[in-house]
Each structure stands twice: as structure tokens, then as C-alpha cells.
Amino acid sequence: MNKIDYLRISLIDKCNFRCQYCMPEGSQLDYLLRRELLTNQEIITLVQKIFIPLGFTKFRLTGGEPLLRPGVVELVQKIANLPQTQDLAMTTNGFLLANMARSLYDAGLRRINISLDSLNPETFDQIIGNQGRSRWQKTWEGITAAHQVGFDPLKLNVVIIPGVNDSEILDLAALTIERNWHVRFIEFMPIGNQELFTERAWIPSEELRQQISDRWGLSESQVTGNGPADIFQIPGAKGTLGFISQMSECFCDRCNRVRLSADGWLRPCLLNETGQIDLKTALRQGENPEKVREQVQQLILLKPEINFKQRDSGTDTGSYTRTMSQIGG
Ligand code: SAM
Ligand code: SF4
């Protein structure tokens, strides 16, 4: 069994974007009330008393949009300063990053993934929901600020939606040629917007690789990640290309993570809520940390049986009730 040592922590379920594939405009989401969110101190307590003693050393802050969370810089600082933290990363849409990149870096964050689905401002706005003003420029400024501050590796997450941004696969891949950036193509998953999924389906990573390979050639990279991405490189490029192919391939056997939602539910698998534990209530009711650790340990042991591949085997419990923004993508 894989060593499970990586916790993704959702800081907030709200977002300033309305990505078509995540929380499309007009979708009815019941946001958490402030008192329902784990506080910074509760997050630190869970990390220190539950996860670190169980061997967790890698943490990623996500959401919703994590930069909307008040006190995010202080939280980064606290987790980064824990002696057991070996890796602390964040996934953000980058819109607020231009003004925050320096303080996040100074607080100890070193790795950042920024979502960027298009280099074309109009297409970008179409994907993220325009809301009356263009957001591309400010997002791009966030990316360049992160680059200038020294975030390394700097990863860009791309979701390709057929008929929307699939004409930009090569342009997005080309970002890795001159820059030490890592562009990761994530197969669009059937959560968040089931309608879009039936309409347009998704493009398998293999097809993207073929397109890129036909243009420049493509080799498997010497750089290997510790996650689900298959890493490739355009010959001579400074950066790499990652492919996260949860729809076309099953990488459950490589999965090393569990997810903590903003309201404190610990999930063993992105698409499966089976066995999830309400850590917020346990904490607020003052349960013995040793007992909670035992429950978490049990969940981790069960993880190989509670996973994404149940989707294909027909034993999926069908718990696709939460969007990526709610689970903490
Ligand atoms: N708001 C931040 C962002 O967009 O980077 C962090 C949270 S977001 C849920 C994390 C990642 O999940 C993003 O890279 C986004 O593209 C991806 N994502 C959201 N919904 C998805 C879906 N239905 N299929 C594939 N990826 C999705
Ligand atoms: Fe917001 Fe990220 Fe979801 Fe887009 S993918 S709506 S930026 S949480």
C-alpha cells in the first residue's frame, strides 16, 4: 500500500471565479457559514495532533479560492514553520496573487499551482464566468509576480474543455519551452457541472500528448513528481508537461493523499465520500486526539478500497454531491 502522507486542506468553499467545470454561474451552492469553517487554530491543531503523528509531512492549501481566506498568510507561516513539514504548496486561481505573492513567499510557501485555462482573455473569461469585467490580465500578473518572487516549481493547471479551449493546447504547452514552468493538463472530471460533461465530454491525455508530440516531439521527463501526473518534456524545453488522467487511466494505486474540507470533513478520495470523518465536531467536542488518530488511521487503511476506480468497477457509491470547490480540489 502507498504511504499516505499528503493532506490537501481546503481553506474556504467560496470563490471569486465561476469556472464552467467547477461552480458555473447560476449554480446553487450553499456556502458554509463562517462558524462552520475550521479556524486557523483548528487547522493547526489537526495538523499537529492528528496528521503529523500519523506521518503526514506534505500539505497543500486549496479551496474554493484559498487567497480569499482571511489570515491565509499567517496560516502558511504556521504550517511552514512546523519542523515536520517537508512540503507546503498552494493551488490558487491567481487572481489575487500579484499583491500576495511576496508575503506568501516570505511566510514560507515555496510551491504554487496556478490555474490558467487560456491565454486568450476572451476565452478565459468565458471559462471563468466574466461577471462584467475581464480577469485574465490580473491573473497573468499574479502568475508573473509568483515567477519573479521565486516560486519554483511554478505549475500552471489547465483543464481542456472540448470546443472551448482545445485550440490552445499547443500554445499552453509552449509556455514550458522558454520558461522553467510546469504546465499540467488535468482531464475534466464529471463533477461540478454534469451538464457540461454530457454535452462536451473530455479529451484523453493521450490525444493531447499526440498533438504536442506531432509538433515538437515529446519525451518522458527525468523529473518525476510524487503525485498522479505523468511528466513529459518537449525536447530542449526548460519546463515540463504533466498529464493528470483520472478519466482515461486509473492512478488510484499511486494515490498518496487524503482531503480535509473547509468544514472539517476528512475524505479518503476525491470522488468518494465513503467513510469520511467529521474532524471539526471531534475537535470541538474535545475528543481524545488518540482516539481520533485511530479513526483516521482506520480510514487510511481502508483507502485502497474506497477510491476512484470504483467508478469503473460499478461499485461506486455515487457520492458526486460536492463540487471540486467544496471538496478542496
Ligand atoms: N481555486 C483554485 C484554483 O482554481 O486553482 C483552487 C481550487 S480548484 C477546485 C483546484 C483545481 O481543480 C483547479 O486547477 C481546477 O482547474 C481543478 N478543477 C475544478 N473542477 C474540475 C473538474 N470538474 N475537472 C477537473 N479539474 C477541475
Ligand atoms: Fe474557483 Fe478554482 Fe473552482 Fe475555478 S476551479 S471556480 S477558480 S475553485
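The shell around ligand 2 divides into six nonpolar, three polar and no charged residues. Here Ala, Val, Leu, Ile, Met, Phe, Trp, Tyr, Cys and Pro count as nonpolar, Asp, Glu, Lys and Arg as charged, and the others, Gly among them, as polar. Of the nine residues around ligand 2, the nearest are C15, C19, C22, M23 and N93; near means a heavy atom within 4 Å.

A word on the source: this is a predicted model, where local features need pLDDT of at least 70 and side-chain atom pairs count only at pLDDT 80 or more, while totals for chains, interfaces and linings use all residues. Residues are numbered from 1 along each chain as its sequence is written, chains are lettered from A and ligands numbered from 1 in the order in which they are written, and side-chain values use heavy atoms, with hydrogens and water left out.

Next, two helices. The axes of helix 1 (residues 40-51) and helix 10 (residues 289-302) come within 9 Å and cross at roughly 75°. An axis is a line fitted to C-alpha atoms over the stretch in contact, and angles run from 0 to 180 degrees between N-to-C directions. Helices are DSSP runs (H or I, at least four residues), numbered from the N terminus. Helix 1 brings K49, I50 and F51 to the contact, and helix 10 brings P289, V292, R293 and V296; contact means heavy atoms within 4.5 Å. Those residues divide into five nonpolar, no polar and two charged.
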